[in-house]
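Okay, thanks everyone, let's get going.

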Amino acid sequence: MRILGELIDNNRRWAQNMVTLDAGYFARLADHQKPEFLWIGCSDSRVPANQIVGLDPGEVFVHRNIANVVVHSDFNCLSVLEFATEVLKVKHVIVCGHYGCSGVRAAGENHHLGLIDNWLRHIRDVRHTHNAILSRIADESARADRLCELNVIEQVRNVCHTTVVQEAWGRGQELSVHGWIYSVRDGLIKDLDVTTTNQAEIDEAYRVVTGNDS
Ligand code: CO
């Protein structure tokens with residue numbers, strides 16, 4: 001018995017449609033990938049990377065986890081970042097969060113949920129760091145939205161503080177790290193204006209001397 005037959009049928013139609021539109025489509029993609037963008041986003045099913053920025057397969061390298069968190073000991077995320085910068089030579093790393101993120105909302109509350117509490121701990125740290133800003137926002141939903149934005153900003157910093165990104169900058173590679181937030185209410189992305197393009201823009205405490213520095 002074929003389970004999920006509808007999805008396989010959709011796949012057959014999609015593949016056929018792509019070939020009808022462009023006979024060489026899969027042959028070209030099979031040859032190599034050369035995306036210019038690495039997307040680090042939330043696993044939320046409402047925030048599909050390619051679709052919301054109008055990019056085709058082959059155009060964006062994607063890493064997603066709950067609440068788009070970049071943790072310095074997460075070898076999954078770091079390996080993606082290393083492969084994207086060193087092998088694919090992407091020019092842009094985009095951390096894209098979204099309003100209404102359940103992971104961020106959970107971190108803003110104090111309920112015990114299980115294993116995920118350990119993951120959300122990183123967002124609790126963001127909440128704690130920015131407590132002065134957040135506690136001034138009376139409206140609960142506005143406060144949750146602001147925590148979503150602050151989480152993106154902190155994760156952009158975390159990307160910039162990795163040795164992977166600093167080594168890329170150290171060897172003179174063109175690489176920008178951006179922070180965006182998407183609204184599931186209207187489908188629009190807002191640039192949080194924290195784009196970072198070189199080591200001089202990050203706090204001195206986090207700068208590392210890479211092997212390529214003289
Ligand atoms: Co989310």
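I'll go through the metal site, then a surface patch, then a pocket. Bear in mind that this is a predicted model.

So, the metal. What coordinates the cobalt ion? We have Cys 42 through SG, His 98 through NE2 and Cys 101 through SG, at 2.0 to 2.3 Å. Along the chain, the donors are spaced as C-x55-H-x2-C. Now look at where the two cysteines come from: Cys 42 is in strand β1, residues 37–42, while Cys 101 is in the loop between β3 (92–98) and α5 (102–107), so the pair ties together parts that are 59 residues apart in sequence. And are those two buried or exposed? Cys 42 and Cys 101 are both buried.

Okay, over to the surface. Ile 3, Leu 4 and Leu 7 make up a nonpolar patch there, and together they have about 340 Å² of accessible area. Ile 3 is in the segment before α1, which covers 5–21. Why do we call Ile 3 exposed? Because its relative accessibility is 60%, and the cut-off for exposed is over 50%.

Last stop, the largest pocket. Its volume is about 360 Å³. There are 18 residues in the lining, and the ones nearest the centre are Arg 105, Gly 108, Glu 140, Arg 143 and Ala 144. If you're wondering which helices contribute, α5, α7 (131–135) and α8 (140–161) each give at least two residues to that lining. The largest share is from α8, with seven residues.

Technical notes. Residues are numbered from 1 along each chain as its sequence is written. This is a predicted model: local features need pLDDT of at least 70, side-chain atom pairs count only at pLDDT 80 or more; totals for chains, interfaces and linings use all residues. Side-chain values use heavy atoms; hydrogens and water are left out. Donors are N, O and S atoms within 2.8 Å of the metal (3.2 Å for Na, K and Ca); water is not among the atoms, so sites may look incomplete. Helices (H or I, at least four residues) and strands (E, at least two) are DSSP runs, numbered from the N terminus. Buried means under 20% relative accessible area, exposed over 50%, partly exposed in between (1.4 Å probe, protein chains only). Patches are made of residues with over 30% relative accessible area and no salt bridge: like charges are joined within 9 Å, nonpolar side chains (Val, Leu, Ile, Met, Phe, Trp, Tyr) within 5 Å. Accessible areas come from the Shrake-Rupley method with a 1.4 Å probe; for residues, only the protein chains shown count as cover. A salt bridge is a side-chain nitrogen of Lys or Arg within 4 Å of a carboxyl oxygen of Asp or Glu. On a 1 Å grid over the protein atoms alone, a cavity is a set of points where a 1.4 Å probe fits but cannot get out, and a pocket is an open set with protein on both sides within 12 Å along at least five of seven lines; lining residues have an atom within 4 Å of a point. Grid points are joined across faces, edges and corners, and a volume is the space filled by probe spheres set on the points.
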